[in-house]
Every structure is written in C-alpha cells, then in structure tokens.
Amino acid sequence: MQAPGRINLEVSSINLQAVDFQTRSCSLMTAGALTDDELLSEEAALERRLRSPPSRGMSVDWIGYGYAALVASGGVIGYAKAGSVPSLAAGLLFGGLAGLGTYQQSQDPKNIWLSLIASGTLTGVMGMRFYNSRKFMPAGLIAGASLLMVGRLAVQMMEKPLQP
C-alpha cells in the first residue's frame with residue numbers, strides 16, 4: 001500500500017503517468033525528500049512572498065537623486081556663466097554628498113544622516129546668501145529646494161523611528 005500524497009510513476013515508451021497525485025506540487029517523494037506537510041508549507045511561503053508588496057529598502061528615490069543633480073548642475077552652471085571655481089567645487093561636493101546620501105538611504109531607509117547634513121548645510125548657507133542678496137537665482141532656488149529636502153527627511157524620520 002502506498003502512502004497518500006506519494007507519486008507513482010509508470011514509465012513506458014510512450015508516456016509518463018502520475019497515479020494517486022493528491023497535492024498541487026510536482027515533486028517526487030523519494031528517500032530524504034520533503035513530506036506533504038513540508039511541501040504545502042513551502043508552497044504557502046512562496047505564495048506569501050509573491051503576494052507581498054516589494055520592500056522599500058531597494059526602491060529608487062528619484063526626488064533625492066533629482067535634488068543631487070540640481071545642486072551639482074547649479075555648480076556647473078555657476079562655473080560656466082561666471083567662471084566661479086568655488087561654485088563648481090561646492091556644487092559638485094554637495095551634489096555628490098546628496099547623491100551618496102540618497103543611495104545610502106535607498107539601501108537602508110533609516111540611514112538619512114548624510115542627506116540631512118548636506119541639505120541642512122545648503123539650507124543655511126544658501127538661505128543666508130538669499131537673505132543678503134534678495135536674488136532668487138541661484139541662492140533662493142537652492143535654499144528652497146534644500147529646505148524642502150530637510151522637511152521631507154524630517155517627515156521620513158517621523159514615519160520610521162530611527163534606531164542605531
């Protein structure tokens with residue numbers, strides 16, 4: 001007598017037939033193979049993984065990368081228009097830091113510190129330049145974008161409490 005859930009294979013030169021097939025899995029039950037209960041639990045685990053939404057840990061933060069590109073391109077434009085090497089250096093430095101911070105945050109959503117430091121520093125520095133010059137370009141634009149990034153990061157911190 002055969003145990004329930006086992007598969008008997010009758011091999012002929014024409015076809016392969018499964019007899020007494022009682023599970024939805026297509027696995028042969030041989031010595032050392034999975035039992036019926038193990039197969040069903042593996043199948044249930046696979047269905048849960050397929051139905052669960054993708055994790056946010058590996059999603060791309062387009063807003064963060066866009067902010068980094070804005071800052072870096074601002075430095076390049078400052079150099080191209082006025083020949084300002086400090087604008088180029090600061091734009092590339094802070095744009096690179098913002099991009100690296102965004103990448104780190106996409107790998108681990110709790111790791112926001114580099115992004116927060118870069119955008120917070122630019123908020124303060126460019127905010128003071130905007131306050132003194134009253135010119136929207138470039139200081140006002142970068143200060144406003146940086147302030148929005150700081151606010152966005154603060155909201156993300158409130159949603160997911162940070163733990164060291």
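**View 1. Ile-142 is a buried residue, with a relative accessible area of 9%.** Buried here means under 20% relative accessible area, exposed means over 50% and partly exposed lies in between, with a 1.4 Å probe and protein chains only. The model is predicted, and its local features need pLDDT of at least 70, side-chain atom pairs count only at pLDDT 80 or more, and totals for chains, interfaces and linings use all residues. Residues are numbered from 1 along each chain as its sequence is written, and side-chain values use heavy atoms, with hydrogens and water left out.

**View 2. Ile-142 sits in helix H5, residues 136-159.** Helices are DSSP runs (H or I, at least four residues), numbered from the N terminus. Not counting residues up to four places away in sequence, Ile-142 is in contact (heavy atoms within 4.5 Å) with Leu-70, Val-71, Leu-122 and Met-126. Leu-70 lies 72 residues from Ile-142 along the chain, while the C-alpha atoms of the two are separated by 8.1 Å.

**View 3. The largest nonpolar core has 13 residues, and Ile-142 is among those with the most contacts inside it.** Such a core is a set of buried Ala, Val, Leu, Ile, Met, Phe, Trp, Tyr and Cys residues joined through side-chain atoms within 4.5 Å. Two or more residues each come from helix H2 (62-82), helix H3 (85-107), helix H4 (113-133) and H5, and H5 gives the most, with five residues.

**View 4. H2 and H3 pack at an angle of about 170 degrees, with their axes 7 Å apart.** The axes are lines fitted to C-alpha atoms, for helices over the stretch in contact, and angles run from 0 to 180 degrees between N-to-C directions. The two helices, H2 and H3, are therefore roughly antiparallel to each other, a term for angles over 145 degrees.

How values were computed. Parallel < 35°, antiparallel > 145°, perpendicular 65-115°, else oblique.
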